[in-house]
Amino acid sequence: MGWVDWQPFSYRNEQQQLRGLDVELLNAIFLRAGYQAKFSEMPWARVLHELKFGTVQLAMSANITAERQQYARFSHPYREEETAIVIRRQDAERWRRITTLEQLINTPDFHIGVLKGFDYGNTFRQLMARPELQPRLQMRLRLEQLLKMLQGGRIQGFILDPHGLQEWHNQGTLPDDLHILLRIELIPVHLMLSKESTTEKHLQRINQAIDQLKQSPDYRQILDRYRFTPQHP
């Protein structure tokens, strides 16, 4: 299992124990499937690379894309995540006219930070393909890099799940001057299994475990523990 330090989904606590919403959900799924996970921390781009070659069998918190389907199998969705454009609070008045993605595209001085290898759902995937936006996309490996670029004015916003933003605030690791400019969409999140080192039977067993978990009280308890309550539009 490849994992990335990404609060509140997967991270080490003060005792260096692996915790997080996705970690707890994965362990609950594996308990029902009769599997045991061995976790390896690495950058997300490397997780995808290792999945292609089968040296990592599984990854959490994945969206389905055509490229990934070439080398990975996707489980039933096990939760949802939200994507949003985050800006500096001091710039909220400057950008208040941006209330749609189309307006964002038509604002040439708005540059957007994205994490390398991440997929932000179909809506933003189509947005990133627009030729007029591509020169304004800044790709980095870590959220901390995007934060520095935002604070330094090199980008005007970046993309993040607001639940992750709240958890970073609670941990005291994010500044208080961040503001959600635009909520984009809710996206189903899946486990991603390497085609090179897993089989359809593995996928079926995991899917059954996901269905069982979602019908049990444990599922709601885990979500509530992380105050994870997506707001449907």
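This is a predicted model: local features need pLDDT of at least 70, side-chain atom pairs count only at pLDDT 80 or more; totals for chains, interfaces and linings use all residues.
Local features are reported only where pLDDT is at least 70 and side-chain atom pairs only at pLDDT 80 or more, whereas totals for chains, interfaces and linings use all residues. Residues are numbered from 1 along each chain as its sequence is written, and side-chain values use heavy atoms, with hydrogens and water left out.

A nonpolar core is a set of buried Ala, Val, Leu, Ile, Met, Phe, Trp, Tyr and Cys residues joined through side-chain atoms within 4.5 Å. Buried denotes under 20% relative accessible area, exposed over 50%, and partly exposed the range in between, with a 1.4 Å probe and protein chains only. The largest such core has 59 residues, and those with the most contacts inside it are I29, I85, F110, I112, F124, F158 and L191. Its largest share, 8 residues, comes from helix α1 (residues 21-33); helices (H or I, at least four residues) and strands (E, at least two) are DSSP runs, numbered from the N terminus. Apart from this core lies another, of 13 residues, among them V47, L48, A72 and M192.

Contact means heavy atoms within 4.5 Å. Not counting residues up to four places away in sequence, F110 touches I85, I87, W95, I98, L104, R136, Q156, G157 and L181.

R136 itself lies in the loop between α5 (122-128) and β9 (137-140). With residues up to four places away in sequence again not counted, R136 touches L104, I105, T107, P108, F110, H111 and I112. R136 is buried yet has no salt bridge, the nearest side chain of opposite charge, D109, being 6.7 Å away. A salt bridge is a side-chain nitrogen of Lys or Arg within 4 Å of a carboxyl oxygen of Asp or Glu. For charge, Lys and Arg count as positive and Asp and Glu as negative, while His and the chain ends are not counted. A polar atom of the R136 side chain does, however, lie 2.8 Å from the backbone oxygen of I105.

R130 is found in the loop between α5 and β9. R130 counts as partly exposed because its relative accessibility is 28%. Leaving aside neighbours within four places in sequence, R130 is in contact with E102 and I105. The C-alpha atoms of R130 and I105 are separated by 8.6 Å, although the two residues are 25 apart along the chain.

Side chains of opposite charge can pair when their charged atoms come close. A search of the whole structure finds 12 salt bridges. One of them joins E82 and R183, with the closest N and O atoms 3.0 Å apart. Because E82 lies in strand β7 (residues 79-88) and R183 in strand β11 (residues 178-194), the pair ties together parts that are 101 residues apart in sequence. E82 is buried at 6% relative accessibility, whereas R183 is partly exposed at 44%.

Another salt bridge links E50 with R46, at 3.2 Å between the closest N and O atoms. Both residues lie in helix α2 (residues 44-53), 4 residues apart, about one turn of the helix. The side chains of D91 and R88 also meet in a salt bridge, at 2.9 Å from N to O. D91 is buried at 9% relative accessible area, and R88 is buried at 16%. Finally, salt bridges that share partners join E102, R130 and E132 into one network.

Notes:
A polar contact is a pair of N or O atoms within 3.5 Å; within protein, one must be able to donate a hydrogen and the other to accept it, and residues adjacent in sequence count only if both atoms are side-chain atoms.
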